[in-house]
Amino acid sequence: MALERTFSIVKPDATRRNLTGAICKMLEDGGLRIVAQKRIQMTQAQAETFYGVHKERPFFGDLVSFMTSGPVVVQVLEGEDAIARNREIMGATNPADAAEGTIRKTFAESIEANSAHGSDSAENAAIEIAYFFAGCEITG
Ligand code: GDP
């Protein structure tokens, strides 16, 4: 196993319900270390770029509106196999399919308002971390 970093977001449905701490606890209990974190209001341009891979999907406009509907907490997580581990802790995209005890099963409101984001590959983790954090903002 390798020590990795991944990018995470506590999404607006979760910040609205004051669940940031509960979600951070699930990440930490799952073996991940929060090595950078900030609460931001994502702009429309940031959300469109971040989710650019989905721009042809029918839900793209709704997704951008949702991600800019309130503050988010962007994070860098570090740990053994952090990318896969975070995906396990989050659970499936659709909370109806997510395993018991995962963030999305516990907290998500819908397939869209699903409380958390986690990078899906090492390549995307590096891109997403660099999009929201300068190197000097990340410390173990
Ligand atoms: P993830 O990697 O598990 O977050 O899933 P995806 O990369 O496939 O989708 C990105 C985000 O788009 C998801 O986390 C949801 O917030 C949203 N999303 C995905 N599928 C749907 C859908 O069918 N409808 C809507 N409204 N939103 C979706």
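**Close-ups of a predicted model**

**View 1. The buried side of helix H5.** H5 runs over residues 82-90, and its buried residues are Ala82, Ile83, Asn86, Ile89 and Met90. Why do they sit on the same side of H5? They cover an arc of only 130° around the axis, which puts them there together. As a rule, an α-helix has 3.6 residues a turn, so residues three or four places apart point the same way.

**View 2. Strand S1 and its partners.** S1 pairs with S3 in the antiparallel sense, over eight bridges. Look for Leu3, which stands opposite Glu80 in S3. S1 also pairs with S4, again antiparallel, this time over three bridges. Here Val10 stands opposite Ala116 in S4.

**View 3. Around the ligand.** Which residues surround the ligand? They are Lys11, Tyr51, His54, Phe59, Leu63, Arg87, Thr93, Arg104, Ile111, Glu112 and Asn114.

View 4. Lys11 has a polar side-chain atom 2.9 Å from an oxygen atom of the ligand. For His54, a side-chain N or O atom is 3.0 Å from a ligand oxygen. Arg104 likewise places a polar side-chain atom 3.0 Å from an oxygen atom of the ligand. Taken alone, the ligand exposes 550 Å², and the protein buries 79% of that.

How values were computed
Residues are numbered from 1 along each chain as its sequence is written. This is a predicted model: local features need pLDDT of at least 70, side-chain atom pairs count only at pLDDT 80 or more; totals for chains, interfaces and linings use all residues. Side-chain values use heavy atoms; hydrogens and water are left out. Buried means under 20% relative accessible area, exposed over 50%, partly exposed in between (1.4 Å probe, protein chains only). Helices (H or I, at least four residues) and strands (E, at least two) are DSSP runs, numbered from the N terminus. The arc is that of the directions from the helix axis to the C-beta atoms. A residue is near a molecule or strand if one of its heavy atoms lies within 4 Å of it. A polar contact is a pair of N or O atoms within 3.5 Å; within protein, one must be able to donate a hydrogen and the other to accept it, and residues adjacent in sequence count only if both atoms are side-chain atoms. Accessible areas come from the Shrake-Rupley method with a 1.4 Å probe; for residues, only the protein chains shown count as cover. Two strands pair if DSSP finds at least two bridges between them.
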